[in-house]
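Please read the points below with the model open.

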Amino acid sequence: MSGEQVVTLLVYLVASVTFILALKFLASPRTARTGNLLGAGGMALVVAWTLLRTPGMLEHWWIVGVAGIAGSVIGVLGARRVPMTAMPQMVAIFNGAGGGAAATVALSEFLSSASGRAAGAGLLPIVPVIATLAGAVIGGVSLTGSVVAFGKLQGFIPGRPVTYPGSRLVAALLLGAIVVLGVVLALIVNSVPLFLLFVAIALVTGVALVMPIGGADMPVVISLLNSYTGIAVAATGFVLGNYALLIAGTLVGASGAILTQLMCKAMNRSIFNVLFGAFGTGGGVVSAGAAGEQTAREINAEDAAVLMAYAKKVIIVPGYGMAVAQAQGPVRELMDLLIARGVDVEFAIHPVAGRMPGHMNVLLAEANVPYDRLKEMDEINDAFPTTDVALVIGANDVTNPAARTDQSSPIYGMPILNVDQAEHVVVLKRSMATGFAGIPNPLYSDPRTAMLFGDAKQTVQALVSGVKNA
Amino acid sequence: MTDALDPRALIDALVILVLAAFVGYEVVSKVPTMLHTPLMSGANAVHGVIVVGAMLVAASADDPLRVVLALVAVVLGTINVVGGFVVTDRMLEMFRRRPGDKG
């Protein structure tokens with residue numbers, strides 16, 4: 001091993017340590033940003049080293065230059081311009097890009113090895129072939145799956161589960177075809193057209209796997225696809241004999257998998273149920289207890305403001321409705337006013353409120369709500385019985401008491417915020433429509449509950465002026 | 001880049017793979033729910049290291065088809081890595097404390 005190679009490996013080691021620290025520092029809001037910058041620094045180091053010291057780079061620098069500038073412009077513009085509400089789909093599309101890159105690298109390596117000119121080191125013959133196939137298929141699934149997830153959250157593709165008779169059979173057949181073709185390519189024939197067919201099937205499979213999943217479950221799907229891209233990257237690390245890719249890819253593959261599991265646990269559902277349950281069909285089965293016209297009591301903003309202004313304790317429950325209306329600024333203002341009047345104000349954050357875990361925290365932090373006022377579900381659920389007013393802002397399914405009592409409800413068993421135990425419940429909502437899961441919420445017909453209809457931002461602004469006058 | 005991985009190097013790679021998987025599992029188990037979105041985004045940025053793989057492919061691209069593939073791979077990889085880190089930083093920027101908050 002030459003001195004140059006030793007330094008390369010040391011550069012990979014340093015970069016890998018920064019990646020691990022980036023994830024580790026995310027354990028606390030105080031260190032999280034430093035960690036991310038550290039990871040970016042490690043990434044810059046390994047990219048710079050690769051650019052400067054790779055044999056053959058001198059003749060091909062323009063490829064990296066042109067493509068690198070184009071990719072950077074797209075990445076920065078996308079990341080800077082996207083509104084905070086659209087963060088989940090942005091992560092999805094960046095993840096899809098990574099999966100696409102891994103699949104493309106694998107494809108290029110396959111073509112090279114078919115013609116005997118691979119960029120990577122030749123491993124044992126069978127290992128690189130398997131790794132190439134894995135990188136191509138997992139990267140391909142991640143690419144199209146992420147694009148569908150993006151489309152569902154952005155509204156290009158219907159958010160409801162898209163299923164048709166036999167859709168599961170089709171998915172199973174696609175997966176079977178991948179396995180069979182993979183075995184053929186690995187053991188029997190080294191054929192380029194067959195490999196292209198293999199990649200094409202992977203791309204179709206990504207679509208077929210994500211289409212039947214409802215929009216509410218997209219965060220779990222994005223997390224899972226994130227893990228897939230990590231595994232695809234690790235596989236290409238094997239193909240190229242590159243430890244940086246191997247370590248970083250595996251790190252993300254494992255952390256994405258455990259994160260996916262944590263998210264499923266928060267909803268009290270299995271990953272199998274999320275992927276194949278076609279959850280939230282909407283308008284389908286309505287359980288007997290909740291069927292029929294819901295009778296809800298309405299309240300106006302002035303009365304609701306007075307209710308809160310003279311309360312001792314108010315818990316605010318934010319949901320996706322707050323994000324859509326961009327109401328976080330007025331919500332902070334409302335909190336400040338209430339605190340100034342001596343009201344104890346806290347926020348109850350359900351693990352899956354919004355479209356991603358932590359989505360609400362990000363938005364409220366953006367509005368300068370101190371994060372020690374944000375309480376996680378387990379921390380705050382016991383406080384509802386001693387709360388005067390629970391203010392639900394555009395959250396629905398995570399407050400649905402049917403999850404506790406109604407065994408026929410699709411969300412039965414999901415841990416919920418015990419909003420219905422507060423003395424008064426004020427629900428801000430645009431209409432009586434069902435939530436993302438498409439199931440009615442008996443909370444709204446509870447005698448303690450009053451509905452305040454309208455756009456969340458305008459309504460909260462009305463509450464703010466109401467509290468000022470109270 | 002490493003030389004041809006002989007069986008010994010292959011075992012090394014497997015050891016690294018297994019240990020990295022455990023590190024990933026352990027590190028993420030300790031992250032609080034409210035930071036799960038930035039975590040997903042941060043992990044997403046880390047697998048943007050695929051851009052290095054794309055660059056290695058570019059360095060050995062010696063026919064038009066592979067030049068095109070290298071261009072595509074580097075563009076996608078750069079979007080992943082640059083967008084990933086920038087968007088994560090933007091999220092985390094919002095977790096900074098207001099001046100005057102204690103703790």
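1. Contacts within chain B come first. Counting pairs in chain B at least 6 apart in sequence, 59% of the contacts join residues at least 24 apart. Two residues are in contact here if their C-beta atoms, placed from the backbone, lie within 7 Å. Of the 103 residues of chain B, 60% count as buried. Buried means 20 or more other C-beta atoms within 10 Å of the residue's own, exposed means 12 or fewer, and partly exposed lies in between, with C-beta atoms placed from the backbone.

2. Chain B has four helices and zero strands, in the sequence pattern α-α-α-α. Helices (H or I, at least four residues) and strands (E, at least two) are DSSP runs, numbered from the N terminus.

3. A note on the basis. This is a predicted model, in which local features need pLDDT of at least 70 and side-chain atom pairs count only at pLDDT 80 or more, while totals for chains, interfaces and linings use all residues. Residues are numbered from 1 along each chain as its sequence is written, and chains are lettered from A and ligands numbered from 1 in the order in which they are written.

4. Confidence in chain A. The mean pLDDT (the predictor's confidence in each residue, from 0 to 100) of chain A is 87, and 93% of its residues reach 70 or more. Residues 281-292 of chain A stay under 50, and the model has 17 contacts beyond four places in sequence for them.

5. The A-B interface. Chain A gives 104 residues to the contact and chain B gives 82. On the chain A side, the elements with two or more residues are helices H1 (3-24), H2 (29-53), H3 (57-81), H4 (87-114), H8 (218-240), H9 (243-266) and H14 (359-366), plus strand E3 (374-376). That side divides into 62 nonpolar, 36 polar and six charged residues. Ala, Val, Leu, Ile, Met, Phe, Trp, Tyr, Cys and Pro count as nonpolar, Asp, Glu, Lys and Arg as charged, and the others, Gly among them, as polar.

6. Is A:Thr50 buried or exposed? A:Thr50 is buried, because 25 other C-beta atoms lie within 10 Å. Leaving aside neighbours within four places in sequence, A:Thr50 is in contact with B:Val52, B:Met55 and B:Leu56.

7. Domains of chain A. Chain A is divided into domain 1 (82-276) and domain 2 (296-469); the bounds come from an automatic or database domain assignment. Their C-alpha centres lie 37 Å apart.

8. Chain A has an open sheet of six strands, in the order E3-E2-E1-E4-E5-E6, with parallel pairing. Two strands pair if DSSP finds at least two bridges between them. The edge strands are E3 and E6 (449-453), each pairing on one side only. Neighbouring strands are turned by 25° against each other on average, direction ignored.

9. Inside that sheet, five bridges join the parallel strands E1 (313-318) and E4 (389-393) of chain A. A:Ile316 has A:Leu391 as its bridge partner in E4(A). H14(A) lies across E1, E2 (344-349) and E3 of chain A, at about 140° to E2(A). Axes are lines fitted to C-alpha atoms, for helices over the stretch in contact, and angles run from 0 to 180 degrees between N-to-C directions.
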